[in-house]
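I opened the model and went through it piece by piece. These are my notes.

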Amino acid sequence: MLVSPHLQEITPDNFETAIDLRVRPDQEHAVAPVVKSLAEAYVHPGIAWPRLICDGDEAVGFLMAFFDIDWTGDGTDFRSGLWRLNIAAGRQGRGYGRFAVRSVAAEIRQRGGTRLTTTWHPGENGPGAFYRTLGFRPTGETSGDQTVGTLELD
């Protein structure tokens, strides 16, 4: 018996479910659709870690973590973290996002990491307040037009 909530690997059996997940319309500008994330996971094997977030038999969200990327491109700053987080419209505010961040943190710790990095779209309807509530601190960096934040894993 699976504990709820839980993560599932993306398989041919749940692929359509995964790509059908949608955030609220007012959030679509702030996060890529799942199908784009899965395409990126395909071209970044070994780095990307896509998972469905499920509650019982229902898919309620999607996350994609990354592991040991060369953040600056010069071989001196390798990071792991949360690349994407999509919680389905109508399922937000129920702790699934918090569960997703904790799950990625646990996976990073298991792989020997001590810090979780993520980025977020700043501004109205962006997830900045959510991430700060979880303890993420902006680094002062940007990645494209997104704010970079880190969470130290004790």
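I am working with a predicted model, where local features need pLDDT of at least 70, side-chain atom pairs count only at pLDDT 80 or more, and totals for chains, interfaces and linings use all residues. Numbering runs from 1 along each chain as its sequence is written, and side-chain values use heavy atoms, with hydrogens and water left out.

**Largest pocket.** I began with empty space. Rolling a probe the size of a water molecule over the atoms shows where such space is left. The search used a 1 Å grid over the protein atoms alone; a pocket is an open set of points where a 1.4 Å probe fits, with protein on both sides within 12 Å along at least five of seven lines. The largest pocket holds about 850 Å³. Volume here is the space filled by probe spheres set on the points, which are joined across faces, edges and corners. I looked up the lining, meaning residues with an atom within 4 Å of a point. It has 40 residues, and Ala30, Val31, Leu85, Pro127 and Tyr131 lie nearest the centre. Two or more lining residues come from each of β3 (58–70), β4, α3 (96–110), β5 (115–120) and α4 (128–133). Helices are DSSP runs of H or I, at least four residues, and strands are runs of E, at least two, numbered from the N terminus. Strand β4 gives the largest share, 6 residues. By type I get 17 nonpolar, 17 polar and 6 charged. Nonpolar covers Ala, Val, Leu, Ile, Met, Phe, Trp, Tyr, Cys and Pro; charged covers Asp, Glu, Lys and Arg; the others, Gly among them, are polar.

**Strand β4.** Serine 80 sits in β4, residues 78–87. Is serine 80 buried or exposed? It is buried, because its relative accessible area is 11%; the cut-offs are under 20% for buried, over 50% for exposed and partly exposed in between, with a 1.4 Å probe and protein chains only. Its side chain reaches the backbone nitrogen of aspartate 68 at 2.9 Å. I count a polar contact as a pair of N or O atoms within 3.5 Å, one able to donate a hydrogen and the other to accept it; residues adjacent in sequence count only if both atoms are side-chain atoms. Asparagine 86 also belongs to β4. It is buried at 5%. A polar atom of its side chain lies 3.0 Å from the backbone oxygen of alanine 32. Beyond four places in sequence, its contacts (heavy atoms within 4.5 Å) include Val23, Val31, Val60 and Phe62.

**Aspartate 68.** Aspartate 68 is exposed at 54%. Its phi is positive, about 55°, although it is not a glycine.

**Helix α2.** Which residues of α2 (34–43) are buried? They are Val34, Ser37, Leu38, Glu40 and Ala41. These cover an arc of only 160° around the axis, so they are on the same side of α2. The arc is taken over directions from the helix axis to the C-beta atoms. Tyr42 and Val43 are exposed on the other side. The cover over the buried residues includes α1, β2 (48–55), β3 and β4.

**Phenylalanine 15.** I found it in helix α1, residues 15–20. Phenylalanine 15 is partly exposed at 31%. It touches Ile10 and Leu38, leaving out residues up to four places away in sequence.
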